[in-house]
Amino acid sequence: DHGEFHRLWSPMPPPPLHLVSERRPADEHLPGNLAQRLEIAVAATKLTAELVEQAITGDVSAISADQAVVLVSEMLPIAREAYAHLQVAVNRHGVNWMTP
């Protein structure tokens with residue numbers, strides 16, 4: 001069909017506008033893309049700080065097996081890498097500097 005062919009080859013609509021995410025204080029103190037990698041892992045697993053705290057403090061059933069794998073293989077190495085950088089930032093700005 002000529003009309004269908006023409007529709008398929010018509011110009012594409014403009015791309016959606018890029019949404020600028022809100023910057024957090026930690027973002028500027030972390031090297032490379034640590035914050036972005038962590039955000040991706042959190043979004044992919046739907047983990048929350050509360051779930052992670054629950055799992056770490058004794059109720060490992062609070063998270064799924066898939067979430068546990070990502071926590072151990074992705075998130076903990078990122079936390080280890082970020083620790084020294086965040087420690088320096090806390091020493092410079094005080095313990096409440098990351099609180100919104």
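Okay, ground rules. What you're looking at is a predicted model, so local features need pLDDT of at least 70, side-chain atom pairs count only at pLDDT 80 or more, and totals for chains, interfaces and linings use all residues. Residues are numbered from 1 along each chain as its sequence is written, and side-chain values use heavy atoms, with hydrogens and water left out.

We have four helices and zero strands, and from the N terminus on the order reads α-α-α-α. Helices here are DSSP runs of H or I with at least four residues, strands are runs of E with at least two, and both are numbered from the N terminus. The protein has 100 residues, and 21% of them are buried. By buried I mean under 20% relative accessible area; exposed is over 50%, and partly exposed is in between, with a 1.4 Å probe and protein chains only. Accessible surface comes to about 8200 Å², with 63% of that on carbon and sulfur atoms. Those areas come from the Shrake-Rupley method with a 1.4 Å probe, and for residues only the protein chains shown count as cover.

Contact just means heavy atoms within 4.5 Å.

Now let's zoom in on helix 2, residues 34-45, and go to Thr-45. Is Thr-45 buried or exposed? Its relative accessibility is 11%, so Thr-45 counts as buried. Its side chain reaches back to the backbone oxygen of Ala-41 at 2.8 Å. Leaving out residues up to four places away in sequence, Thr-45 touches Gln-67 and Val-70.

Step along to Lys-46, and you're in the loop between helix 2 and helix 3, which is 49-56. Lys-46 counts as exposed because its relative accessibility is 64%. Have a look at the backbone too: phi of Lys-46 is near 60°, a positive value in a residue that isn't glycine. Most residues other than glycine have a negative phi.

Last stop is Leu-71, in helix 4, residues 65-93. With a relative accessible area of 9%, Leu-71 is buried. Which residues does Leu-71 contact, leaving aside neighbours within four places in sequence? They're Leu-47, Val-52, Ile-63 and Leu-76. Val-52 sits 19 residues from Leu-71 along the chain, and their C-alpha atoms are 8.3 Å apart.

Notes
A polar contact is a pair of N or O atoms within 3.5 Å; within protein, one must be able to donate a hydrogen and the other to accept it, and residues adjacent in sequence count only if both atoms are side-chain atoms.
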